[in-house]
Amino acid sequence: VQLQASGGGFVQAGGSLRLSCKVSGITFGSAVMGWYRQVPGNERELVADLNTVHTTSYADSVKGRFTISGDNAKNTVYLQMNSLKPEDTAVYYCSAYFRLGYYWGQGTLVTVSS
């Protein structure tokens with residue numbers, strides 16, 4: 001199983017970014033897909049997830065601003081991030097929970113300036 005994340009970058013507060021995570025080695029839609037983020041010194045926190053019946057959930061801090069979605073044809077999960085805030089600055093990781101195991105992509109850095 002491999003996950004390849006991309007789309008991070010530098011943006012001003014109020015701006016938008018879209019993260020992508022290409023998944024290979026599993027049938028997309030058979031895993032619970034998630035986006036997590038981590039700030040140095042803090043624990044990794046769940047930002048959003050998308051389960052196998054396409055139900056989504058979000059951390060309170062991003063509700064109404066972030067949207068997780070998946071494209072089965074492209075084996076890719078996205079995180080659309082709007083109205084970004086400086087406190088959204090973190091390394092973002094995509095994950096797949098599949099057959100009782102977690103798989104992780106490499107992180108992608110998102111930096112939001114005030």
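With neighbours within four places in sequence left aside, Ser 95 is in contact (heavy atoms within 4.5 Å) with Leu 3, Val 32, Met 33, Gly 34, Tyr 36, Tyr 103 and Trp 104. The model is predicted, so that local features need pLDDT of at least 70 and side-chain atom pairs count only at pLDDT 80 or more, whereas totals for chains, interfaces and linings use all residues. Residues are numbered from 1 along each chain as its sequence is written, and side-chain values use heavy atoms, with hydrogens and water left out.

Ser 95 lies in strand E9 (strands are DSSP runs of at least two residues, numbered from the N terminus) and is buried, with a relative accessible area of 2%; buried means under 20% relative accessible area, exposed over 50%, and partly exposed in between, for a 1.4 Å probe and protein chains only. Trp 104, in strand E10 (residues 101-104), is partly exposed at 35% relative accessibility.

Leaving aside neighbours within four places in sequence, the contacts of Phe 66 include Arg 37, Leu 79, Met 81, Asp 88 and Tyr 92.

One disulfide (a pair of cysteine sulfur atoms within 2.5 Å) is found in a search of the whole structure, and it joins Cys 21 to Cys 94 with an S to S distance of 2.1 Å. Because Cys 21 lies in strand E3 and Cys 94 in strand E9, the pair ties together parts that are 73 residues apart in sequence. Both Cys 21 and Cys 94 are buried, and the torsion about their S-S bond is about 55°, so the disulfide is right-handed.

Four salt bridges (a side-chain nitrogen of Lys or Arg within 4 Å of a carboxyl oxygen of Asp or Glu) are found in the whole structure, and Arg 37, Glu 45, Arg 65 and Asp 88 are linked in a network of them. Arg 37 meets Glu 45 at 2.6 Å, N to O, and also forms a salt bridge with Asp 88, the closest N and O atoms being 3.0 Å apart. Arg 65 likewise forms a salt bridge with Asp 88, at 2.7 Å between the closest N and O atoms. Asp 88 is buried, with a relative accessible area of 1%, whereas Glu 45 is partly exposed at 36%.

Technical notes: Helices (H or I, at least four residues) and strands (E, at least two) are DSSP runs, numbered from the N terminus.
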